[in-house]
Amino acid sequence: MINYHKLQAFLIVCILVTACDSKKKNVPEVQEDINYSANLRAPAYPLVTHNPNFSIWSMGDKLNTSTTKHWTEQDQSLVGIAEVDGEYYRFLGKESKVYETLLPTSEDESYTVAYTENKPEDNWIQADYNDVRWKTGEAPFSDDKSQANTIWESDELYYRRNFDLEQIDLKSLYVKLRHDDDVKVYINGIEIYNYKGWQHSFKYIPLTSEALKSLKKSGNVLAIAIKNTAGGRWLDAGLVTESNIMGQESVKVAEQTSVSLTPNQTIYKFQCGETTLTATFTSPLLIEDLKIYARPITYLDVAVASNDSNKHKVKIYLGASGNIAANTPAQKLAAEKYEQNGLNILKVGTKDQPVLEKKGDDLRVDWGYFYVASPTEDTFQYLSDSKNALAPLIANSEKNSQNFPETGLILNTVADLGEIVDPSHHLFLLGYDEEESVNYFGDSLKPWYKKESESFNELLANAYTEYDDIIRRVKSFDKGLYNDAIKAGGEKYADLCVLSYRQAIAAHVLVESPKGELLFLSKENNSNGSINTVDVTYPSAPLFLVYNPDLLKGMLNGIFEYSESGRWKKPFPAHDLGTYPIATGQTYGEDMPVEEAGNMIILTAAIAKEEGHADYAKAHWNTLTIWADFLIESGFDPANQLSTDDFAGHLARNANLSVKAIMAIASYGKLASRLGETETAEKYTTAAKEMALKWKDIAANGDHYVLAFDSAGTWSQKYNLVWDDILDLNIFPDDVQKTEVKYYLTKQNDYGLPLDSRKTYTKSDWVLWTATLADNQEDFEALINPMWSYVNKTPDRVPLSDWHETTDSRKIGFKARSVVGGYFIKMLKEQTQ
């Protein structure tokens, strides 16, 4: 067996070899300086990005000063520690707090409290208040009859829970709370929390010093007032205290010296004593190669080099929370460790495996299995609870207790790099096997990677063996994307494309339909959790048109199937296919007729433009014709309805929505021309041109065009005009775009162009589309540079939000959505010229 740690004298790159099958495995290469990374501070940095379920981020500037989180902002902890010459340096993550339950919530055990739905006397929050006439009920309180132990359907609820404490000199005490909606929380009559809104997972609220001082060994009360303002209802609460983590006090925080972000990699550098450590996360989303892209396996390459030319003894520790495989920390886990194909492997999943049983937005996967794999050479792995995860590392012992817990489980790996001078690498593989990904009209669909291998162990082995080749391809792709984006729109535009790439792709899951069609299904992250939303597909489409139009087909196939199967009977497309991961029919409460019909036709025409033929349109021609005829009848002057900007409310006579209808009618004409249907092409193209001239007349408002017909003094971004050039439609007179762009330049704030005249907030995807209407680089940059500033300065440290305030860069709503794929619209336009 070759030990790459002993070959530094004549190796530039370290060679990792396993002898179990006498085959060379991988050769981790020294990371070269990155000159194609984004030159901005990301709101959050992607670490593990594959699909809506397997998506882990660092929500800050430094990798080692906060706990890594799922995109929903729930902890999914990864901790990395380097031992250098007996000193310990944390370079990755921060240990999640470990809590000891003092007063259980319903996820811990059942409990009952006193409650009333009628407003009580003012002193009801006091410990000595007599609540004998109140009702008693078992938590949680909710209007969801499938989950509630006590049904709550009134507007308000008042909750009292009496409790005793064995110990009152606690250094920390938290209320563990999940609520929907507005809530006020009191301990012994002292307010500790007042929040308007909801929290769909448990939040830990520290008691104030005043509340801590009020605690007694007996006769305390936790009192909560909650008010429902919209949507569902929920209340569940308890008390916890913070526990110590063994060995934590021995660990220093490594000094982070840089972070580089490329489309497929996030690279951090640290000083750990007299060594330099480089941690490279690679999620290889090479969407031109679905075999590689579809593997839900991220590489973490850790390289350590001496920075004083002396030898240093180095070990690398990686701890991964078992909760990566759970929706909530209370779910019981089962884990195992084993060796296969030259890899040490840890595997964890929930005991109950509720496959495809839950649907919604603020959820994490709790079926299938999370894996941590590492080369067997000079590594050992063990399972532990959270408190004792570091014990074997600190004690320098490979002993592993078999009595690991069912909750709070940590998957631990220690790699001994030996004495190093030149860069020495160790590779970790993080993978997630969902086994089943989507319920598609009653059929449970397996993830796409099952086409390559049913065995996830084999998938890990292939990913490990092919590491070198994949990394070379990643670097080549990333460099090409960055350079192409610079050519299309400049350096700041390229930065935005780099940042949006992984986020846009990882908000989808790739599966195969029962008919053998590709399905690339989005989750409407952080807006309502819909699956395969058409007006989310529409803005995200440019990225996929640039790199792989087949994936855009995969976003449209399910919507076509829904209509063509007869399940959806309306003369326009559905809004969605359900709520992720259940795709059994639209669950959104209202249709968007003109919006979705326009989207589907335009995107089908865009596929034809990219492929050079209209075969895909031909396969769905009858359906497209029904939608086009609907737009001929109802699209030009839209009735009061929602558009993709539904958060702004209903709007009648929406001028931008009218543009979409006109673009779609013209696109249908273009498709007919490609199919040789000359008469049909002329009919629809002529109709679109006549509508465009009429639109120009009734939408005109002096130096710009209105938000809605007959609403003088208003304005809006007419981002839908972008297709007139991209698809060579040539429907609107050239001066329409020029007039609008000139006007937009007078309406910008520090962080961008507002969506329209009603509010000062904007959607960054639409601003990029609007900027692409500009016929010169100066105007384009004038519109997109504030978007760069927003991204670079927003204080909201979450995966990129596409809905923000243009006056102060704050997030209004949404995060981690696929719509940022729309940033690639300028690249698409340049590609089609």
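This is a predicted model: local features need pLDDT of at least 70, side-chain atom pairs count only at pLDDT 80 or more; totals for chains, interfaces and linings use all residues.
Residues are numbered from 1 along each chain as its sequence is written, and side-chain values use heavy atoms, with hydrogens and water left out. Local features need pLDDT of at least 70 and side-chain atom pairs count only at pLDDT 80 or more, while totals for chains, interfaces and linings use all residues.

We can begin with the aromatic rings. Rings of Phe, Tyr and Trp (its six-membered ring) pair if their centres lie within 6.5 Å; planes under 30 degrees apart count as stacked, over 60 as edge-to-face and the rest as tilted. By this rule there are 52 aromatic pairs. One of them joins Phe 647 and Phe 814 edge-to-face, at 6.0 Å centre to centre and 75° between the planes. Phe 647 sits in the loop between helix 11 (621-634) and helix 12 (655-674), and Phe 814 in the loop between strand 39 (811-813) and helix 18 (825-832), so this pair ties together parts that are 167 residues apart in sequence. Helices (H or I, at least four residues) and strands (E, at least two) are DSSP runs, numbered from the N terminus. Phe 814 is buried at 10% relative accessibility, whereas Phe 647 is partly exposed at 22%; buried means under 20% relative accessible area, exposed over 50%, and partly exposed in between (1.4 Å probe, protein chains only). An aromatic cluster is formed by Tyr 440, Phe 441, Tyr 562, Trp 568, Phe 572 and Phe 630.

Turning to charge, the whole structure holds 39 salt bridges, each a side-chain nitrogen of Lys or Arg within 4 Å of a carboxyl oxygen of Asp or Glu. Lys 815 and Glu 73 meet in one, at 2.5 Å from N to O. Lys 815 lies in the loop between strand 39 and helix 18 and Glu 73 in the loop between strand 5 (69-70) and strand 6 (78-84), so the bridge links parts that are 742 residues apart in sequence. Lys 815 is buried, at 7% relative accessibility, while Glu 73 is partly exposed, at 34%. Asp 75 bridges to Lys 69, with the closest N and O atoms 2.6 Å apart, and Asp 75 is partly exposed at 35%.

A further salt bridge connects Asp 728 and Lys 609 (3.1 Å, N to O). Asp 728 belongs to the loop between helix 14 and helix 15 (734-744) and Lys 609 to helix 9 (residues 593-611), so parts that are 119 residues apart in sequence are tied together.
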